[in-house]
Each structure stands twice: as C-alpha cells, then as structure tokens.
10 protein chains.
Amino acid sequence: MSLINTQVQPFKAQAFHNGKFIEVTEASLKGKWSVVIFMPAAFTFNCPTEIEDAANNYAAFQKAGTEVYIVTTDTHFSHKVWHETSPAVGKAQFPLIGDPTHQLTRAFDVHIDSEGLALRGTFVINPDGVIKTVEIHSNEIARDISETLRKLQAAQYTAAHPNEVCPAKWHEGDATLAPSLDLVGKI
Amino acid sequence: MSLINTQVQPFKAQAFHNGKFIEVTEASLKGKWSVVIFMPAAFTFNCPTEIEDAANNYAAFQKAGTEVYIVTTDTHFSHKVWHETSPAVGKAQFPLIGDPTHQLTRAFDVHIDSEGLALRGTFVINPDGVIKTVEIHSNEIARDISETLRKLQAAQYTAAHPNEVCPAKWHEGDATLAPSLDLVGKI
Amino acid sequence: MSLINTQVQPFKAQAFHNGKFIEVTEASLKGKWSVVIFMPAAFTFNCPTEIEDAANNYAAFQKAGTEVYIVTTDTHFSHKVWHETSPAVGKAQFPLIGDPTHQLTRAFDVHIDSEGLALRGTFVINPDGVIKTVEIHSNEIARDISETLRKLQAAQYTAAHPNEVCPAKWHEGDATLAPSLDLVGKI
Amino acid sequence: MSLINTQVQPFKAQAFHNGKFIEVTEASLKGKWSVVIFMPAAFTFNCPTEIEDAANNYAAFQKAGTEVYIVTTDTHFSHKVWHETSPAVGKAQFPLIGDPTHQLTRAFDVHIDSEGLALRGTFVINPDGVIKTVEIHSNEIARDISETLRKLQAAQYTAAHPNEVCPAKWHEGDATLAPSLDLVGKI
Amino acid sequence: MSLINTQVQPFKAQAFHNGKFIEVTEASLKGKWSVVIFMPAAFTFNCPTEIEDAANNYAAFQKAGTEVYIVTTDTHFSHKVWHETSPAVGKAQFPLIGDPTHQLTRAFDVHIDSEGLALRGTFVINPDGVIKTVEIHSNEIARDISETLRKLQAAQYTAAHPNEVCPAKWHEGDATLAPSLDLVGKI
Amino acid sequence: MSLINTQVQPFKAQAFHNGKFIEVTEASLKGKWSVVIFMPAAFTFNCPTEIEDAANNYAAFQKAGTEVYIVTTDTHFSHKVWHETSPAVGKAQFPLIGDPTHQLTRAFDVHIDSEGLALRGTFVINPDGVIKTVEIHSNEIARDISETLRKLQAAQYTAAHPNEVCPAKWHEGDATLAPSLDLVGKI
Amino acid sequence: MSLINTQVQPFKAQAFHNGKFIEVTEASLKGKWSVVIFMPAAFTFNCPTEIEDAANNYAAFQKAGTEVYIVTTDTHFSHKVWHETSPAVGKAQFPLIGDPTHQLTRAFDVHIDSEGLALRGTFVINPDGVIKTVEIHSNEIARDISETLRKLQAAQYTAAHPNEVCPAKWHEGDATLAPSLDLVGKI
Amino acid sequence: MSLINTQVQPFKAQAFHNGKFIEVTEASLKGKWSVVIFMPAAFTFNCPTEIEDAANNYAAFQKAGTEVYIVTTDTHFSHKVWHETSPAVGKAQFPLIGDPTHQLTRAFDVHIDSEGLALRGTFVINPDGVIKTVEIHSNEIARDISETLRKLQAAQYTAAHPNEVCPAKWHEGDATLAPSLDLVGKI
Amino acid sequence: MSLINTQVQPFKAQAFHNGKFIEVTEASLKGKWSVVIFMPAAFTFNCPTEIEDAANNYAAFQKAGTEVYIVTTDTHFSHKVWHETSPAVGKAQFPLIGDPTHQLTRAFDVHIDSEGLALRGTFVINPDGVIKTVEIHSNEIARDISETLRKLQAAQYTAAHPNEVCPAKWHEGDATLAPSLDLVGKI
Amino acid sequence: MSLINTQVQPFKAQAFHNGKFIEVTEASLKGKWSVVIFMPAAFTFNCPTEIEDAANNYAAFQKAGTEVYIVTTDTHFSHKVWHETSPAVGKAQFPLIGDPTHQLTRAFDVHIDSEGLALRGTFVINPDGVIKTVEIHSNEIARDISETLRKLQAAQYTAAHPNEVCPAKWHEGDATLAPSLDLVGKI
C-alpha cells in the first residue's frame, strides 16, 4: 500500500537544531505543515547541496507555515559536527534529525538494507500528520526544492478549497478547476 | 521496501496508440528510457490537463530517447473514445494503457482499494527496466511534467557518468560533483 | 454453492442515472423486484444491443414494479459519456452502475480475472434481496430480455402464490400447478 | 469462479435410456454438443412438464447435432419406473441420468445441501466439454426449452464464426456483428 | 468405536406412511422401542422381499410395542410410488423414510460412498434412543426378520430384568441366567 | 466406514486349540471361509452357552468348509484353563484366541474402552479375508448360531452364483432371485 | 521422569479378595502403606511362586500395617478361578487386581505393548499415595519378597525419623545415620 | 516405556579408576555383564556406606565376570578427592564415573531436576548392553548389594538357560522351573 | 541480547560460607553491590589461584560494600571439602555457591554444554540486581581480580554521579568527564 | 550460548584507515590475532579517551602480531571526519570500522535496540577467527587497554603451550601451571 493519505507512524528521535539537542516525535509534526527530507549520510557529497537548497528557500516554507526536517541514519552528535564544519550545512536553521535506530527510514520505506542508509525521499505532511506527497530518488539523483514548495502550496490550496483541484503545472496564484458533472468527458 | 532500483514486474496490457490497439508488456519498457504516468480515470477533470502537459513536452522526451505511457484502470476501449472526444487528450501521441485488471496499479503500489482507481504516480525507468525515481501525489494535486523531465535527464546523465552525481536543482548542462575521499566532510 | 436463494452481499457503487450520479447499495435493491444485468465493457459491440433491448422492454419491467440495473467494471464517468455518445445506450432510463472495484462482479461470481471484465450475467432478485434466477453466458452469446421478463413474472407469481408452481414454458396468464400428495407419480 | 468456459469435471453415472441402463461419463459429452438439464426429483410436479417440453423439441436438438441429458439425484431404477408410469416422462428419448452419489449436482454447483436434491440448472456444453451457458432457477420456476435452443444455436454459430458475435435476441438466421476498431464507441 | 450403547444422532427426514407424508426425527424414536432397517434402493430386487417379511411380522413387533422404519437414500416421493406399484412393498404399514441427504446412512455407518446407497443394516433401539444391536450385510445377502424379532425380545427382557442375561439361542419364554460370583468359572 | 467388504487387518495372536498353543494370523483366515466370534471374558456366564451353541453346530460349519474362531481379551493360558474346567467350553474343537493386546477387538471395532473387554461381535469372512456380514450385540444379549450359519450359507451361495441374490429369510435350498432390468419396479 | 516421590495416578479396578469381588481405587491406597506387585499372567509358571512367597510373608506385612496387592492384565473372573485352582495362589489373603484396561500397567510404566502383559514390577507406596521404591525385572527373573519387606521397613523408619537415613544393607533394628555438616566428607 | 529390555543409550564420561582418569562409554558396557549404581553426591552420608558394601562384595561380582560402576553428577576430579579422603570410598577398586553433564542420570531416568542430583538407581545390564533389572529408591533408603548380586545371578542363569525361569527367592544353586503347556494352570 | 543492564534472573542455590551451609537467591544480591565469579570445577588447577587472588583482595571489596560469590557446578558438599583441603581455597571468607542444577550457569550464559561446567565469567551487579559489566574467558585464561575491582569502583562512582563518566583506564581518585553539548566533537 | 570459542560470523564493512577507505570482512581477521573494540558513537565523550589509550599501546599490540579494530554504528565518512577533527582519535593508526547496518553490533551481541548504538565490548580473537575473551561494559564505564593486552598475551601463551594454563593475575613472563592428575585437589 502506498503511504499517500496514511498517518505518520509514532517515532522518537534526537535532532540538532539551532545549537541545541531536541527530541522530535510524531506529535512534533501535528498542528502545522511539515516537509520531511531524507538523505543518505552526513559528511558526503550531494547532501550538503540539498541542505543548502532547502536553507535558501526556508523563508518561503516559513511563510507557508511549514517546518522542514532533514533525516539521516547518523547520530545527532554527527549532525552537530556536520553543522559546525560544513559551510553548506551550517546554513540550516531547521532540525537535523539523527535516526541511528532506523525507525524513521523504515516507517517511510526509504531504508537501504545493504547499506544502513536512507534513499533521497521527500514527504509533504499535513497538520493532521497525513502524508500528501511522496517523492523518492535513487541516491545519485538530487532534488529541486522549488518543486517541493510547489507541491506543498498545491496541497495547502486544495486542503483549504476542498471543491477545487490544482491542474497540471499549477503554481501559487494560477487558476484551479472545480469538478462537476457537466465537465465529465468535456475537458 | 521502496521500488527504487528494483525491476518492473512482468505485465500484459492493451493500449490505444496512434489510432490502433497495441499490446504493452514489461518487454516494451526494455531497451530505451520510459516514463510511466498513472492517473485516476478517463473523462475526469485534472487528468486531461496532465496529459496535455505531457503532450506539449513530448518532443523533449523523444529527444531524450524516452517513451511516455499513460495508465488508468479504464479499458483501452474507453481510452479510444477519450482520445476522440477530449481536445486535451487528443493531443497525446503516446500509448494510453488500459489496466482494468489492476495489474499495473498494484505492481507500482498506486492502487486505491476503495475506489478501484490509481493515485497520481510517476516513474522514471531505465533501459534495463529498473525504476530510478518514484513520485506519488494524493489525487487533488497535479504534477508538473517539466520536473519529471529534469529527473529523467539527471538519471540519464548519472547513468552515463557513473563517477559523478547531480547536485541539488541540477538542470541539463549544469555542473556535477565527482565524489572523492578528499571531499568527505568538506562540502 | 449456487447463489440461488441467497442474499445479495453488501456493496456500494456509483451509477449514472437520468443525467445524474447516484449511489447504489444493497439497500437500493430492497422493497421492490430488481433485474441486475452484467456486461463486459462500455463502448464495445454487443453490449449496446442488449441495453437497447432492455430499454425497449423497460415499460413492461416498470409495470411489473421492477428496476433494471446495468453493471460493467467501467467507472460512472465512462457510463455518462457512453450514454451521451451511443444512440443505443442513450435510450436507457435505468441506472448504469460502474464497478471499477470489482466488488459486484466478484459478489455475483461473473468476474473474468484475466480481463478485469464481467461475463454476461443476469439475476432476478426479489424485494428481500434474495436471488431467484441466475443466467450467465460466455461473452460472445447475447441474451434475450423477453426471457428475463418471463422468469421475473414466474418468480413474482410463485412468490404471490406459494402453493403453486409455474410449469415449463409458463407465460403470464398460463395455468399453474398446485403440488399435492395425489399428484405424486401421476404427471 | 463461474463455470463458464471451464471443462466439465470427470464423472461416472448410470442412466435409463430407450429401455436400457447405460453408463454416462464426461467422455460421453465429448465430440458433440450437449444440453444437461438438472431437476429436483422423480415423481414430482413440475419436472414432468419440463421433460415433456424437452421431448417435444428433441427433433430440433437432434437436428443441431446435440444430445439432451436429464439429471436428478434419484437412482436409474427410479428413472425406469418414472419413464414407465408417467405419460409426460415416457415421451423422453434421451438419457435420464441417476446421480445418487451427488457427484454431478456438486460438480455443476446445483446441489441443495439441506434437501439432497438439485436446483433447476441448464448447461450448454460444446464438443470439447466446455460449458458455454449456465442457467439456474429456484425450483418453483420452470424453464422454457425454446430459450435453451436459442442459446445453443448462438453458441454453435459463434463457435463456427469466431470473428462474429450474436447480438441481443438473436435467433437463427438473424444478422450478427463483426467487432472492429471502427465500431468502438459507435454503436 | 462401535455404535452399540450410543445415542442415535439428531436427524430430520420425510417418510411415506399410511398414505401420508410425515416428518421423522430422533425424537420420533424416543419413548418406545424401534427397529430401523436400511436397504439399498427402491424398485430393486431383494428389498421388496425384506419389506414383505417385515410386514408379515409387523403384528408381533406391534405387540412388542415397537415401531419399524425402512430407510433408503431415495426420496419420499419414490417411496409413495413404490408403495403403490409394488405388491410386496404395498403391504408395509410402517414408515418408509427417504434419506436423499444421506444423513441417516452416514450416522448409522451404512453408507456406500461409491454408490450413494445404503448397506443392509438393522438396528434395535431402546426407548432412550440407545442402539442395542447392530447387524449389517453385504447387499447380496438378505436378512431374516424373525431373528431381528428375537434380538428385540431379548433386549426388552434384559432391559426389564437388569440382573439377568439371555443365553445363547434364547427365545421369548426360555430360561435366563442370573450372573453371580458363584457361577464364575462354573458354566 | 462400515467394515463390510473390507479386508481383515493384519494381526498375530496365540490360541488354545485341541490341547495345543498355536499362532493365528490374518493369513490363517485366507483360503477358506471363517466365522470370528468375539465375547467378553472367560469364566463368565453367557459366553459358555454361546461356545456350546457353536460347538453343537460345528459339524455344519465344517461341512460348509468353514473354521470358527472364539476371541476374548484373556490370554491363551486362561483359555486352556477355561477349556479344562468348563463343561460347556470343553466341547469346543475350534481355536480359542487370546487377545490381551486388544489388537483384534480394536481392528473389528468391538472394543469397550472402559472395560478392556469385547462386545458380542460375529463376523462372516470369505476366503479372500473380506468381511461379508457384521453382527454386534450389547453384552446382555446373546446370539443364535443358527442365524450365523444361515448368513454364511447365503454368503457362500451368492459368492458361487454372482448373478443371483438371496431374498429375505432365505435358507439353504430356497429359491433365489436373478436381478434383471425387467424386474425393476415389478417386485 | 522417574516415578519415585510422585503420586499414584487415579485408577479404578476390580479385584478378587477373600471370596468376594471388590473395587480398588487410588483412594484404597491412602491412609496405610501398600506394596503393589505386578506379574505377567494368571495360570503361568513363576507367578504362583511369587504369590506364595508373598503369602508366606503376609503376616510380617500386616504387622507393618501394610496391604499387599497383586496385579495382572487378566480379569477378576480369571483371578477367582486362579485362586480356586492353584494351590500356591490359593494361599493369598490379599487382593488380586484385574487390569484388562491396562490402566495400572501403563500408569506404573510396566506394560509390554507387544504382549499386553505386565513386567515384574514392585512398588512401595506410603500412606499419602507417594511411591518410595521401584523395582522392575525382565519376566524371567523372579523377586525375593524379603528384600521388599526390608525396603518397606526402611521407608517406614525414615518416614518416622526424618532426620535419619538408613545406610547400606540396613535391616530393622540396625543403626542409622544422622546427616550433619560435620559428617560431610568424613565417611 | 520401562527401560527393561532396552539398549543403554550412547554416552561418554570421565571416571576415576585405580588412580587414573579413564573414559567410559556405552561400548565399555559391551562384552561382559555390568552393574551400574547411581547415588546422589560425593562427600555425603549414605553413599560411602553403599560404596563400601559394593567393595566388600566386589570379589563375588568379579567371579561372576561383572564390572561395577558408581555414578554421581560430580566431576571425576571430586571422585579422585573423595577416593583419597574417604576411608569407605577408598576401598572401591571399580570406576567412579563423573556425570556433570547429566547425560547418564537422564538416560537412566534417575535425575532429580530440582537438585541436579541422582536417585539411588541400580541397573543390571547384560553383555549386549540390554538392561535386565531396574531398582530405584528415594534417596533416604539405601540398598543391599547382596540382593543386586542375587538378581545378577538369576539374570545370568536364565540367559544361559533360555528354557528355564528362576522362581521366587531363587539363589544360585536353587532349582528352576521349565515352563510347559502341562504346567499351565497347575502351579 | 547482551546481559548488560538487565536484571539477574530468579535462582536458589546452596553455598558453603564460613563453616556453614546457607541458601543464596537473587534476593541475596539486592541492597548491596555484588561480584559473581564463575569457574569450572572444584579440585582443579587454576581455580584455586583465582580464589586466592579474590581472597587477598577481599578487604578492598568489603570496603566498597561489596560481596564476592564463587560459583561452580559442583555441590556445596564438594565446596566444603575443597575449602577444608585446599590451602588456597581455604582463605575464602566469601560464599562458595554450588550449582549442580546449572540454573546459574545458564542464566549468566556461561554454561559449556559438552562438559557440564562453567566458563570463567565475572559479573559486577549493582544493588538493584542489575548487571553492569560482563567478562568471560576461555577456561585456559585466568583473570586479574584487580581489574574487577577497578570496574566495580567505576560502576559505583558513575552510579553515584549520574552526570559524569569514567574515562579510559580510570582508577579510583582519577578525574572524570562531564558530558555536555559543548564537548561534542571536541575531544 | 556464550560467544567464547565460537567463530566470528561473516560480515562486510567499510573502515577509515591511515587516510584511506578500506573494506574489512571476517577474512581480514584470519591469520593473525585481533582485538575488536566496540564503542557507542563518534564525536562523543569517553570514546576518544579509549581510542587514545589504545593508540598509546598500539606498539605493544603490534609487537604481539595483533591488529586493533574500533567499531561504531556511524559511517566510515563520520570516522574520517572524527579522525581529522579529534586530537585523541587522530592518534589512531588502526582501522575505524563503520557499522551503519548494525551487522557487527548484532553479531557480537553488543547492540542497544533502543539507541541504535553499541555497548563497550572488547573481543580477543585468535588467528582462526575464534573468540577467546569477551568483555562488555555499560557505557558509562570505560575500559583499561592494559588489561586487554594482558588477556591477549595469556591467550597467545596458552595457544602456544596447550599443556599449560595461565594462573590468576598472570602477566607475560610469570610462571604458568601444568595440569596433571597429581595436582587434583592439591592446590
């Protein structure tokens, strides 16, 4: 079964966030929109570019009332050092979650058994903890955070306007469609 | 387990393609790149906009040596009528696969049991029939085919250059990264 | 076990009926007689002739206080388009049920696994939701709705006259038989 | 699973036929068309009228190269006496099969467990022993053998002309349909 | 385990008795002595001679307060015709039970699976529904009802005189034995 | 399943016979007819009368080429002493089998679990080791050996004349019946 | 697990004792000491010598407040005859238990499956029904009852003096040992 | 199942014997008679008296071609120290087997689970490794080695004279019994 | 799962301690610190040197409020003799536990199945019965009790100072570390 | 079962070693002695002190022909950064193995499920890949590498001198013990 429209499973993890260690659980994801971004490992090559991309767009996510979470199977200790030593990662003002128990990578179905690391998975989650979009790449292919932002905005728009749908390549401000009997077979 | 880096399962289906009924199987996906696009149902609202978006970009996919497949749980009979009656769908020059047996929606994990319909799932598949990217939306949120094209190109580039990776927001022509011991902990 | 004299199983489906989408459930079949007619797929060859045959006899079914239901594994969206585009199907004033979940084709044991389509099955159902006659054809062989009408009338007559039975080739108005000890071995 | 398009299961039974006791097996059904007619019990009320109806149409079945078989769960001994004592049954020139082991009633799914008797089931079977039509009634509702003859003739016609189908209420000599891509959505 | 000294299992069957159809159950066997006689099939060869033998001795059974039951796997309809057409069977004034469900032949362990018919089994049953004697023959060997009467009388005598036993070849009126310590090893 | 027309199971037992201890097995029962008579226990009350009854008729059994076997769950040692001390048992010229292992009482389904003793069971067995008649009494009811002789003779006659059956109360020399189609429903 | 220091299992058996038949159960063994002696079969060779040996020492057992029980798998009927006819067995004033159900031989683990007989087992049991000594011989080796008496007396002495133990070859009246820390490693 | 007449199970153990450590296995028991004597623990109270009793009779066992083995669950190290420090145990010229793995105490069914120690079990074993007598005491009751010697001699005599049995209280040189048909019921 | 930070399992054993036999259970280990030391067997070679080593350091353990327990699979009887006869073992003022049931060697996972003996295992246990350190050697390698003392003191120090940890080669009195966010990645 | 004297299980892992990434498997541990040291996590508090302690003693291990391996559940990427940034860890000239798959922590039974981290476990392994000593601490208690060196030397000495054992607190050069019968019970 696809994870779309299912609840995030219960979890408990330690994160490095703005110079402190904090605990993050499934309750942390309730009450506001979240974007959860898995990546393979600290101190590697592509991951810092993706974190920097997220950091550069963080203002837009915050404007959309959304928290961003980075997850790897490293510890929160490694995340602190990574944050201190990497110019790119150092820009992150959002939590860097450590998942050495593999609880999160398994719950989101992005675990690579033979490596103990995560695939590049991105999940848009609504304030009820329900997953609305799933995106997973083989690890050599990085993401574009602006597309994640577009999906988030479409998810937020349709949540706010339950009788409308966002058509192909919809961006914030574009026209939407209101499904009706009359339109069946006419588009 | 995620479908990333697994083989497409064997299947057999009927499609409407350029005025004919053809048979499509897992063998049809071998030897060239494929993009497989699931959508809920013929004659509905958002699906035609997504097919039109794909049709408008079909030249770029063809230039990238890639076939596009649309899949719904309708029959190929419905797909012929849809193609004939919808101005948007009528632009499609790629196969419209009928999946009334639900074989494909289950194999790609996009089936909605309570409706008998597909989620909006997009899959980039390499010439060996191996899935490289997965993208699935709740049905009220449509896709942007230009992002699919970007992922395809990144998948093709890294397949051709196995010692390089495509960094965040990479578009065709952008610089890539070559992982090395020296870079560990330095980005 | 044969379905004869068993209850229709619970179900929920969408239908196109007289220009609207309606929900049909097992409760819809209670309180009056029903004839449920399965056929393979919208937009095909033989199915419209059978729907037209039913439409031409619909007055007689209505006179017998009976609703007619057409069922295929297509969606109700396809049924709307079919009704609008087919001269034969356009005559139907009874509900066209969509069964993309295969709930009904499986419950009435007319599902073809390898095709995801229905066999030509016809069922006469009494106001308690109990199946009184079953008729199923291989799909190349169409039905004659006048025989279904004859069966319905015999079922109604014997329901109203529990001490009588309808003999071979009985048509409405013909004489019936009243079983009794005296007749045993005498006919 | 429906019995349509499945093989008759192996069986062995004794029958009374033209003054003799004969053995009937699944091999007896191979090489020519067959109509197998189940009914509840010898010496009862409606069954003789159905046998008489079949007897009166036997010439047409013979002309169509088809054997008729009557089956009840009585013994062949009872069938001999029934044939001798019932004016209606006495007209039968086809085999009356005894099924006291319930092998046939179970194989054709017409057995009533609580009574040890058969439902009124009719089966048209092709020369390969494959079931093409199924018809089953609650026992208070008798059949019309002329409809069985119509189905048989449609089954024979489509077997002989595999690219044609018989439309609704087709009778021998009527026009048929040849399915083609062009006709999809046009009838 | 032998059936001796076990309770008759619950059952429900239809019988032909003195011109009427009656229902017989395990409750029918309570409160008086019963003799239950199974035989293969109506309208056969040996069975009528056994029924006639029972009929000729029926007065003695009635004098002993005992009902006689004949059972075959035929229907009660066949039993009525048998009674009307066979001079031997026509003498029977006791119930002829039909067992087309095979409930009784299986409960008394006299069912022949390959034929669907009963073995020649005879059972003497006391007013508590407990089986006191069992006698079963291969079907080519008929019974002598006078021996059944002798067993019945011995069963009744020992039921009435619990401290006595009936010795070999005891007939009504013969001396009995009263077991005692003194007799041990002395006879 | 009834034991009628089944093979005697393999066994090995010790018997007292004409002043000697002998071994009896299932092979001993092959090649001639046998009558196997179970009784509860040596040194009791009714058993000697039954053995005496058998002894008095032993000449007739021998004339019919038949051996008689008495079986109890006592040892062959007890049987020797019983033979020496009981005037009635002392007449026995046939084997007295000891069955302290309960192998025979269980194989012939006459074992009483709560007592470790046999029921009064009598079995006529043909030269192939196949059981043709079964007779079992509750232990307070003794047998009449003359009826056993009658059954044996009927079994032997029908074995020798496979197209004939012995009618009710048949005794050696009486007329038999030859089943034929013509007789069906006529007796 | 050894039977030593376990409870005798519940049982019910018939015995011959001083000219009467009595019932013996596990309750009979409570409240006084018991010696239970199994032997193979009545009327054999060695068993009478062992019963005679027990009878000659019965006064000593009675003086020790102990009952003696003989058990074989014969019936109590056989035991009566054995007592009457054997000069040796006739001396027995203690119960001769019949165990045709094999309940006791199995509970005391002395049953020989292939013979249905007991091994020569001897058990000393205390007034709580707890087994204190076990002695079992292959049947060709008889016992010496004086050793059983010695064991009984040692069991009784240690039961009465829980701080003492009876050393090797202890006989009534001999010195005993009182275990103490000081003696550890000193004897 | 009793251990009587079963093979000793395979085992391997270390023993202290005449100043050396030796290995003892089931093979050590083959080819001559053995007496295996279990006792609870080294350095305790009663065990030395039993070892001394065995040592005092060792000449008679040797004359009978028989080895004696003492077994406890202690180690062979403890047995060496016991032999050196105990005047009684020091007399032993036969092997003292250590069984800390509990292999032997479990194989001979003398293990006390709650203590990890052996019961007082004595076993006479023939040169084929077959157990002929079993004797087990609750641990407060010691044995008399002279009775073990008597049993051994009876076992040896009957092994040498298979047509004779040793009667009750037989001692070497006493008369034996030769079972025969004539003796049945006469002793 | 490692035993570290798990509760000691319930047990009951006998020990020799200061000239007396005492019972030791899991409750004995509660309320103060314990060191449990397993060794293979009494009267062997290396074990006395280890006991002597422990005895020489016993004052330090007592000063640390800690009891020492020696455990082997021998009995407490052997331990008394060992204590009396070995100059090294005689120095022990702490309990010598006998574990002939193997309850402790299995609970602490130091049992050698093929020998019935313990491995050289050492366990530091806190006053809640929780195991804090595990150390197990192949039996040819003895321990150094001073290292056990060092571990005990580190365990006690960290129990008393929950915000500090003892660094490598810490000995009583050395500096400790106080983990803090600031130290992460800085040592 | 303890891991002592068992083979290291097959594994495959990446390590940082002298500026390079290398692969380490169970084969890497064959042919020379190894010391495998688990610790919780990179960048923490106590682990660097333990690595430094090992580094300071590495010359002695090398002299003893022994490789040292550090293992945490971090990646080899983190180990490279740790080595570069920690003054203490930077001294390590031996491999730092990354175990993000938890294959090693589970195989050596030092995994903490609730944290995804290792316990402080130390293992001395011989050139056949067989574990000779196990030492595991709760994580707040660090180790003393000099004791590990002592164990290694004792393991090497006894491997080279199979008839000798190393007594308590043995250090290289100390006297050893040669077990013999004479020493039993004498130390």
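Predicted model: local features only at pLDDT ≥ 70, side-chain atom pairs only at ≥ 80, totals over all residues.
Student: On what conventions do the values rest, and which pLDDT limits apply?
Tutor: Residues are numbered from 1 along each chain as its sequence is written, while chains are lettered from A and ligands numbered from 1 in the order in which they are written. Side-chain values use heavy atoms, without hydrogens and water, and totals for chains, interfaces and linings use all residues, whereas local features need pLDDT of at least 70 and side-chain atom pairs count only at pLDDT 80 or more.

Student: What area do chain G and chain H bury between them?
Tutor: Contact means heavy atoms within 4.5 Å, and 52 residues from chain G and 53 residues from chain H take part. Buried area is the accessible area (1.4 Å probe) that two parts lose on being put together, summed over both. Carbon and sulfur atoms account for 58% of the buried area, which is about 4300 Å².

Student: How many salt bridges are counted between chain G and chain H?
Tutor: A salt bridge is a side-chain nitrogen of Lys or Arg within 4 Å of a carboxyl oxygen of Asp or Glu. One such pair is H:E140 with G:K132, at 3.2 Å from N to O. The count between chain G and chain H is six.

Student: Which element gives the largest share of the side of chain G that touches chain E?
Tutor: Seven residues of chain G are in contact with five residues of chain E, and the area buried between these chains is about 430 Å². One salt bridge is counted here; the side chains of E:K186 and G:E84 meet at 3.3 Å, N to O. Helices (H or I, at least four residues) and strands (E, at least two) are DSSP runs, numbered from the N terminus; β2 (20-25) and α3 (76-85) of chain G each give two or more residues to this side. The largest share, four residues, comes from α3(G).

Student: Is the UniProt "active site" residue A:C47 buried or exposed?
Tutor: The UniProt entry, which is unreviewed, places the feature "active site" at A:C47; positions follow the numbering used here, feature names are shortened, and annotations may be inferred rather than shown by experiment. A:C47 lies in helix α1 (residues 46-56) of chain A and, leaving aside neighbours within four places in sequence, is in contact with A:M39, A:P40, A:A41, A:W82 and A:R120. Buried means under 20% relative accessible area, exposed over 50%, and partly exposed in between (1.4 Å probe, protein chains only). At a relative accessible area of 1%, A:C47 is buried.

Student: Why is helix α1 of chain I described as largely enclosed?
Tutor: The elements covering its buried residues include α2 (58-63), β4 (66-72) and α5 (145-160) of chain I. Among the buried residues of α1(I) are I:C47, I:E50 and I:D53. The helix is largely enclosed by the rest of the structure because the buried residues number nine of the eleven.

Student: How many chains does the salt bridge of B:D53 and A:K169 join?
Tutor: The side chains of B:D53 and A:K169 meet at 2.9 Å, N to O. B:D53 lies in helix α1 (residues 46-56) of chain B and A:K169 in the segment after α5 (145-160) of chain A, so the number of chains joined is two.

Student: How many residues apart in sequence are the parts that D:E52 and D:K91 tie together?
Tutor: The salt bridge between D:E52 and D:K91 has an N to O distance of 2.5 Å. D:E52 lies in helix α1 (residues 47-56) of chain D and D:K91 in the loop between α3 (76-85) and β5 (96-98), so the parts tied together are apart in sequence by 39 residues.
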